[in-house]
Amino acid sequence: MNLHVPGHRQGRGLPAELLSLGGQALFELDLTEIPGLDDLHNPRGAIASAQALAARAYGAARSFFLVNGTTVGIHALLTAVGGRGKVVVSRNAHRSALSGLVLSGADPVYVMPEKINEFGIASGISPEKIRRALEVNPGVEAVLTVRPDYYGVADDLAGQVRVSHFMDKPLLVDEAHGAHLRFHPDLPEDAMAAGADACVQSTHKLGGSLTQSSLLHLGAGHLLAAEAVAGALDLLQTTSPSYLLMASLDLARRQLALSGEGLLERTVSLANKTRECLARIGGLKVLTEDYLEGDGLGLDPTKLVVSVSGLGLTGYQVGSLLFRRYNIYIEMADTTNIVAFLSIGTTPEDCDALVNALGDIASRDKQTSSIRYPEVPARIVKRMKPRDAWFAPARRVSLADARGRVCAETVAVYPPGIPVVCPGEEIIPEVHDCLEIISNMGLPCQGVSDHTLRSIKVVME
Ligand SMILES: Cc1ncc(COP(=O)(O)O)c(C=O)c1O
């Protein structure tokens, strides 16, 4: 049972044209830039038409096919706007944004998201925080936010657009989890509809295309130069883009445009019913809009976020039980929650299996012990730009010796949460304490050279 990306679920949600291709036909589609097949880096034929159809479907001024996921789109946006300037970045940014800061040399001005304490997750950035960051940091080139986040929380994008545009700054949205939003009225408003200047979507996650295929859309505003983005993509994308991936993007766009609402209606209603069933299981808490505080916040109902802390278990423990004992693969688990993604390929049987398994775990595996989770410190002391720290001479020291040093790598507990520390930041006492807890608990970390976190890379001073 799969309740994770890619959204086509081993073919069940694929566009019929793609599904009907057998092995040989698939190989026949694996082509290169022969006459008639256009060129992703200079599109004037089939690819240009397909990108124009994508722009029309998503209400964009211009759309680009991406063959290295949303990651390359975010790198391209930061390269296009970043240069050596400042960029306001939400601290719960995905690691692709953090690596984009290293590649582009942009100087981040972080804004901290609010928290939903019951679930230990971020609830997004208020427009007011962005306004303040823009006011006290002259020379900002752009604002980059992530919306909806991995948990389906969609913050007040229209408000963020308003404050950014008031200061003449483009608003860029990591919409990796939002390729489907535009196609159903019960889903949060999508970035193009809200007036963002650019967004990048992992069509492969929830839009029904093949893994690694994504779309970058540009809005109609004048704050972001389309040619700069096209140039950055030209710099960063492979010169051998896969026609299979590009064809899957075109077919997924067609499926969403022609029958997206009907397909998503099934998914949304399945998700709502499943949420109700899960809420009846003792010890589980299910994320709903009732937990969102603040104006303009919304939730993508196709994501099921379930806190299992009432069972005295971590999300990791429950995620592991789900696949070992019940053969159910969810999208992710964190210290507090499990997260299952529903998509157009999900069936009622998948959801029934999840409800039954969690009911069983709640009655068999409940613990009385309580677990101390690491709190990511809100204070950041930035001593260097991420790029400068990344390229500076560095060495690994034991975690015990790292207090007060400038970190040369990113530490973020996986799945992507708020990074504890990024390259160029001082390992201040509260960060050090947090790193020690993470290391002692053996939590999975991303971005680190020593995954046990007993040592850490610091800049040589
Ligand atoms: C919020 C967010 N942004 C960006 C990405 C990168 O997307 P991709 O895997 O399509 O490169 C991810 C991937 O998980 C993500 O969760």
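Helix H11, residues 243-279, lies across strands E12 and E14 and runs at about 10 degrees to E14. The model described here is predicted. Strands E12 and E14 belong to an open sheet of 4 strands, and another open sheet has 7 strands.

- The order of the 4 strands is E12-E14-E17-E16, and their pairing is antiparallel.
- At the edges are strand E12 (285-286) and strand E16 (332-333), each of which pairs on one side only.
- Strand E14 (residues 303-307) and strand E17 (residues 337-341) run antiparallel and are joined by 5 bridges.
- Within this pair, Ser 307 stands opposite Asn 337 in E17.

- In general, the strands of a sheet pair through backbone hydrogen bonds, in either a parallel or an antiparallel manner.
- The parallel sense is found between strand E9 (residues 171-174) and strand E10 (residues 198-201), which pair over 3 bridges.
- Asp 174 stands opposite Val 200 in E10.
- The antiparallel sense is found between E2 and strand E11 (residues 214-218), which pair over 5 bridges.
- Leu 66 stands opposite Ser 214 in E11.
- Of the 5 residues of E2, 4 are buried, so this strand is largely enclosed by the rest of the structure.

- Helix H6 spans residues 127-136, and its residues Pro 127, Ile 130, Ala 133 and Leu 134 are buried.
- Seen down the axis of H6, the buried residues fall within an arc of 125 degrees, so they line one face of the helix.
- The face of H6 turned away from the buried side carries the exposed residues Glu 135 and Val 136.
- The cover over the buried residues of H6 includes strand E3 (86-90), strand E4 (107-111), strand E7 (140-146) and helix H7 (157-166).
- H7 in turn lies across E7 and E9, and runs at about 150 degrees to E9.

**Around the ligand**

- There are 12 residues around the ligand, and those that come nearest are Gly 69, Thr 70, Thr 71, His 94 and Ala 176.
- Helix H4 (residues 69-82) gives the most to this shell, with 3 residues.
- By class, the shell has 4 nonpolar, 7 polar and 1 charged residues.

**Val 420, a buried loop residue**

- Val 420 lies in the loop between strand E19 (412-413) and helix H15 (429-441).
- Val 420 has 26 C-beta neighbours inside 10 Å and therefore counts as buried, the threshold being 20 or more.
- Leaving aside neighbours within four places in sequence, Val 420 is in contact with Val 376, Val 411, Ala 412, Val 431, Cys 434 and Leu 435.
- Between Val 420 and Leu 435 there are 15 residues of separation in sequence, and the distance in space is 7.6 Å from C-alpha to C-alpha.

Definitions and conventions: Residues numbered from 1 in each chain as written. Predicted model: local features only at pLDDT ≥ 70, side-chain atom pairs only at ≥ 80, totals over all residues. Buried ≥ 20, exposed ≤ 12 C-beta atoms within 10 Å, placed from the backbone. Helix = DSSP H or I, 4+ residues; strand = E, 2+ residues; numbered from the N terminus. Arc of directions from axis to C-beta. Contact = placed C-beta atoms within 7 Å. Near = placed C-beta within 6 Å. Nonpolar A, V, L, I, M, F, W, Y, C, P; charged D, E, K, R; others polar. Pairing = 2+ DSSP bridges. Axes fitted to C-alpha atoms, helices over the stretch in contact; angles between N-to-C directions.
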